[in-house]
Amino acid sequence: MAVRLLLALMVFVFCLAEVSSDLKIDTGALHGGQLVVRAGNRRLMQDIDCGGLCNQRCSLHSRPNVCTRACGTCCVRCKCVPPGTSGNRELCGTCYTDMTTHGNKTKCP
């Protein structure tokens with residue numbers, strides 16, 4: 001009987017340790033953003049300044065307003081904006097590179 005009680009207590013402590021470790025906030029620098037916890041059971045989401053990063057990315061574009069609008073959409077969906085004013089799209093992964101318009105052209109600048 002004591003062995004079962006001890007085993008149950010160990011399982012309870014292990015589960016409690018797992019739950020409490022999900023709520024920790026990991027601080028890391030990804031494009032200058034902060035990582036925040038959206039919920040206890042979800043992954044850490046990157047919280048970035050899409051407006052500022054897209055303004056910087058589209059500053060040299062021939063149509064900066066169109067570029068900034070498209071970049072903002074891609075940033076919100078993919079949580080990433082590539083560095084520089086052009087190129088480097090692959091650094092944001094397939095979410096950013098595979099997004100297309102209704103005309104089947106690449107959406108993200």
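**Entry 1. Fold and conventions**

I take helices (H or I, at least four residues) and strands (E, at least two) as DSSP runs, numbered from the N terminus. On that basis I read the pattern α-β-β-α-α-α along the sequence, with four helices and two strands in the protein. I note that this is a predicted model, in which local features need pLDDT of at least 70 and side-chain atom pairs count only at pLDDT 80 or more, while totals for chains, interfaces and linings use all residues. Residues are numbered from 1 along each chain as its sequence is written, and side-chain values use heavy atoms, with hydrogens and water left out.

**Entry 2. Burial, surface and contacts**

I looked up burial, where buried means under 20% relative accessible area, exposed over 50%, and partly exposed in between (1.4 Å probe, protein chains only). Buried residues make up 19% of the 109 residues. The protein exposes about 8200 Å², by the Shrake-Rupley method with a 1.4 Å probe; carbon and sulfur atoms supply 58% of that area. I then turned to contacts (heavy atoms within 4.5 Å). Of those with a separation of 6 or more, 33% are between residues 24 or more positions apart.

**Entry 3. Disulfides**

How many disulfides does the structure hold? I find six, taking a disulfide as a pair of cysteine sulfur atoms within 2.5 Å. With bonded cysteines counted along the chain, their pattern is 1-7, 2-5, 3-4, 6-12, 8-11, 9-10.

Cys 50 is joined to Cys 75, with an S to S distance of 2.0 Å. Cys 50 lies in helix H2 (residues 50-57) and Cys 75 in helix H3 (residues 64-78), so this pair ties together parts that are 25 residues apart in sequence. The link is left-handed, with -75° about the S-S bond. Both Cys 50 and Cys 75 are buried.

Cys 78 is joined to Cys 95, with an S to S distance of 2.1 Å. Cys 78 belongs to H3 and Cys 95 to helix H4 (residues 94-98), so the pair ties together parts that are 17 residues apart in sequence. I record this disulfide as left-handed because the torsion about its S-S bond is about -80°. Cys 78 is buried at a relative accessible area of 15%, whereas Cys 95 is partly exposed at 35%.

Cys 80 and Cys 92 form a disulfide with sulfur atoms 2.0 Å apart. Cys 80 and Cys 92 sit in the loop between H3 and H4, 12 residues apart. Their link is left-handed, with -70° about the S-S bond. Cys 80 is buried because its relative accessible area is 9%, and Cys 92 counts as buried because its relative accessibility is 12%.

**Entry 4. Helix H3**

The 15 residues of H3 should span 21 Å, and the end C-alpha atoms are 20 Å apart, which agrees.

Which residues of H3 are buried? I list Cys 67, Ala 70, Cys 71, Cys 74, Cys 75 and Cys 78. Seen down the axis of H3, the buried residues fall within an arc of 140°, so they line one face of the helix; the arc is that of the directions from the helix axis to the C-beta atoms. An α-helix has 3.6 residues a turn, so residues three or four places apart point the same way. The cover over the buried residues of H3 includes H2 and H4. On the other side of H3, I find Asn 65, Arg 69, Val 76 and Arg 77 exposed. Just after H3, Lys 79 takes a positive phi of about 55°.

Definitions and conventions: The expected span of a helix is 1.5 Å times one less than its number of residues.
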